[in-house]
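Please look over the sequence and the model shown here. The report then walks through a few places in the fold.

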Amino acid sequence: IAQRQRDGMVALARGAEAKDTDTGDHVVRVQLLAEELARATGLDAERAADIGWSAMLHDVGKLHVPDRILLKPGPLSADEWEIMRRHPVWGAEILAQGEGFEVARRIARWHHENIDGSGYPDGLRGERIPLEARIVRIADAFDAMTHPRPYQAARSMEWALEELARYAGSQFDPELAALFIDRVRSDDGLRERLLAHRVAHGSLDLRAS
C-alpha cells in the first residue's frame, strides 16, 4: 500500500469512527493488533502491514448507521439490529471503487462472520472467511471488550483473552485465537502499548464493534 493510500485510509477510517468516544483511536489499535496477529501466523512483514492498514477501514460502513442506533446506550431493538448488521455490506460498497482497497473491502464485508457460520452478513464458515477477515474479527472484538463504548464500559485484557478462548471455534478461528492470546500474554511491549490506552473496567456488550 503506497503512503498516499495509507494517508487516505487513516482519514477515512477516523471519519467513520468520529462518533466514538475515543475519537478514532479504536482503528489505530485494531491496526496494531491485526498486524501483530498477521505476523504471528508467519505472513511476511509487507503483507502483515497491508492487513493492518486495511483493518483500519473495517467499520467504514458505519457512516450509514444513524446516530440514534450507533450511540444508543441500551440494547438495540430487532429493527435496529437489522440496520446495524448492514454496515459490513455498506462498508464493502464504499470500498468497491478505487485501486488498492481489495483487502480492506474483504475485511469490511466479512469481519463479523463467525467461524461456525453463525455470523453476518453472509453466514460464511471456516476457511471460506478470508484470513484477513478472521484476523480482524479477533482484533476488533478484543479492542471492543477492553475499551469503553457508548453502550458498554471496558473489561480487563485478561478477561477479554478468556472470552476469546471461550468462543474459539464458534465465533473465532481457534488457531488464530490461540496465537493472539499467546502473543498478548507473552509480549510485554505489546501489552504496554495497549495499556497506554486502557481505562476503567465495566460491563460488556458484544454489539457490532
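Where does P121 lie? P121 sits in the loop between α7 and α8, the latter being residues 131-146. The model is a predicted one.

**The loop between α7 and α8**

The peptide bond running from Y120 to P121 is cis. Its omega is near 10°. Y120 also has its place in the loop between α7 and α8. Is Y120 buried or exposed? Y120 counts as buried because its relative accessibility is 11%, and the cut-off for buried is under 20%. Along the chain, Y120 and P88 are 32 residues apart. Their C-alpha atoms are separated by 8.2 Å.

N114 is found in this loop too, between α7 and α8. Its relative accessibility is 8%, so N114 counts as buried. Which residues does N114 touch, leaving aside its neighbours within four places in sequence? The contacts are G119, L124, R125, I129, R137, S170 and Q171.

**The fold as a whole**

The protein has eleven helices and zero strands. From the N terminus on, its elements read α-α-α-α-α-α-α-α-α-α-α. The protein has 209 residues, and 49% of them count as buried. The exposed surface comes to about 9,300 Å². Carbon and sulfur atoms supply 49% of that surface. Take the contacts between residues at least 6 apart in sequence: 66% of them join residues at least 24 apart.

| Helix pair | Axis separation | Angle |
|---|---|---|
| α6 (residues 87-94) and α7 (residues 102-110) | within 7 Å | roughly 165° |
| α2 (residues 25-40) and α11 (residues 188-195) | 11 Å | about 165° |

Start with α6 and α7. Their axes come within 7 Å and cross at roughly 165°. That angle makes α6 roughly antiparallel to α7, because angles over 145 degrees count that way. The crossing of α6 past α7 is left-handed. Which residues meet here? From α6 come P88, V89, G91 and A92, and from α7 come R105, A108 and R109. By class, this contact of α6 with α7 has four nonpolar residues, one polar and two charged.

What is buried in α6? The buried residues of α6 are H87, P88, W90, G91 and A92. Their cover includes α5 (78-84) and α7.

Now turn to α2 and α11. These helices pack at an angle of about 165°, with their axes 11 Å apart. The angle makes α2 roughly antiparallel to α11. α2 passes α11 in a left-handed crossing. On the α2 side, L32, L33 and E36 take part. On the α11 side, L190, R193 and L194 meet them. The contact of α2 with α11 divides into four nonpolar, no polar and two charged residues. An α-helix has 3.6 residues a turn, so residues three or four places apart point the same way.

**In short**

The protein has eleven helices and zero strands. The bond from Y120 to P121 is cis. N114 counts as buried. α6 is roughly antiparallel to α7, and α2 is roughly antiparallel to α11.

Conventions. Residues numbered from 1 in each chain as written. Predicted model: local features only at pLDDT ≥ 70, side-chain atom pairs only at ≥ 80, totals over all residues. Heavy atoms only, no water. Helix = DSSP H or I, 4+ residues; strand = E, 2+ residues; numbered from the N terminus. Buried < 20%, exposed > 50% of the residue type's maximum accessible area, 1.4 Å probe, protein only. Contact = heavy atoms within 4.5 Å. Areas by Shrake-Rupley, 256 points an atom, 1.4 Å probe, with all protein chains shown as cover. Axes fitted to C-alpha atoms, helices over the stretch in contact; angles between N-to-C directions. Parallel < 35°, antiparallel > 145°, perpendicular 65-115°, else oblique. Left-handed = near helix turned anticlockwise from the far one by under 90°. Nonpolar A, V, L, I, M, F, W, Y, C, P; charged D, E, K, R; others polar.
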